[in-house]
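I opened this notebook to work through one structure, going from the overall fold to single side-chain pairs. The entries follow the order in which I looked things up.

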Amino acid sequence: MRTLIATAFVSLDGVVEGPGGEPGYRNSGWTFNGIEFDEAAYELKGREQGEATAMMMGRASYQAFSPVWPDMTVEFAGYNAMPKYVVSTTLRDEDLVGNWGETTILRSLDDVAKLKETEGGPIIVHGSAELNRNLADAGLIDRYHLLLFPVLLGAGKKLFSDTDKDKQSLKLVESEAYGNGVQKLVYDVIR
């Protein structure tokens, strides 16, 4: 069974929206605006490219990443080379870009569950706040790779669902704090 890993830059209050300067969000760019850069804090992001064998995202994240990431041949060489899965009920094959490698559209969470049953290594989920919430609610996420930033943003897209459900326990398997206040937190989902 393949491991599904949700990776995110997250504020202390759970917001994942606009971390890299995406337009339309009031606090866009909060991961670098007023945060001292510490290269060590991003070691996890480089490791993800080497360990993951596929990338998953929702439609909105695909449409945001696909015009930009294929041209970032140094920063995202690993991600660009791996197969991609887009979970969407509305995206069409003709909407896919032709310069970003093998891309498959999955139409449901059942399709995600079937993909997890196949042979292969870890699948990393990028962006995709709504998809992450739905995957977690369906019990499909196996691990979280979080870079927790020392900011409170209030409004914005949240990583975690507010669905009333049974408690989900996590096991901390890796952590580190950096001089700029960012914390790396890696959790396995306990089943």
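Predicted model: local features only at pLDDT ≥ 70, side-chain atom pairs only at ≥ 80, totals over all residues.

Among contacts with a separation of 6 or more, 71% are between residues 24 or more positions apart.

Entry 3, the annotation. I looked up the UniProt record, an unreviewed entry, which annotates residues 2–183 as "domain: Bacterial bifunctional deaminase-reductase C-terminal". Over residues 2–183 I note 21% helix and 22% strand, with the end C-alpha atoms 26 Å apart.

Which strands pair with S1 in the parallel sense? One is S5 (residues 123–125), joined to S1 over three bridges, with Ile-123 as the bridge partner of Leu-4. Another is S6 (residues 143–149), which runs parallel to S1 and is joined to it by seven bridges; there I find Val-10 standing opposite Leu-148. Seven of the eight residues of S1 (residues 4–11) are buried, so I describe this strand as largely enclosed by the rest of the structure.

In H5 (residues 129–137) I list Ala-129, Leu-131, Asn-132 and Leu-135 as buried. Seen down the axis of H5, these buried residues fall within an arc of 160°, so they line one face of the helix. What covers them includes S1, strand S2 (54–58), strand S3 (84–87), helix H4 (109–116) and S5, and I note that S1 and S5 are themselves paired. Just after H5, Gly-139 takes a positive phi of about 75°.

How many salt bridges does a search of the whole structure find? The search finds 12, and I followed up several of them. The side chains of Arg-47 and Glu-174 meet at 2.6 Å, N to O; this pair links distant parts of the chain, with Arg-47 in helix H1 (residues 43–51) and Glu-174 in strand S7 (residues 170–177), 127 residues apart. Arg-47 counts as partly exposed at 22% relative accessibility, and Glu-174 counts as partly exposed at 24%.

Glu-176 forms a salt bridge with Lys-184, the closest N and O atoms being 3.7 Å apart. Salt bridges that share partners join Glu-43, Arg-47, Glu-174, Glu-176 and Lys-184 into one network. Is Lys-184 buried or exposed? With a relative accessible area of 4%, Lys-184 is buried, because the cut-off for buried is under 20%, whereas Glu-176 counts as partly exposed at 40% relative accessibility.

The side chains of Arg-92 and Asp-95 meet in a salt bridge at 2.9 Å, N to O. Arg-92 counts as partly exposed at 45% relative accessibility, and Asp-95 counts as partly exposed at 29%.

Note on methods
Residues numbered from 1 in each chain as written. Heavy atoms only, no water. Buried < 20%, exposed > 50% of the residue type's maximum accessible area, 1.4 Å probe, protein only. Helix = DSSP H or I, 4+ residues; strand = E, 2+ residues; numbered from the N terminus. Pairing = 2+ DSSP bridges. UniProt positions renumbered as here; feature names shortened; annotations may be inferred. Arc of directions from axis to C-beta. Contact = heavy atoms within 4.5 Å. Salt bridge = Lys/Arg side-chain N within 4 Å of Asp/Glu carboxyl O.
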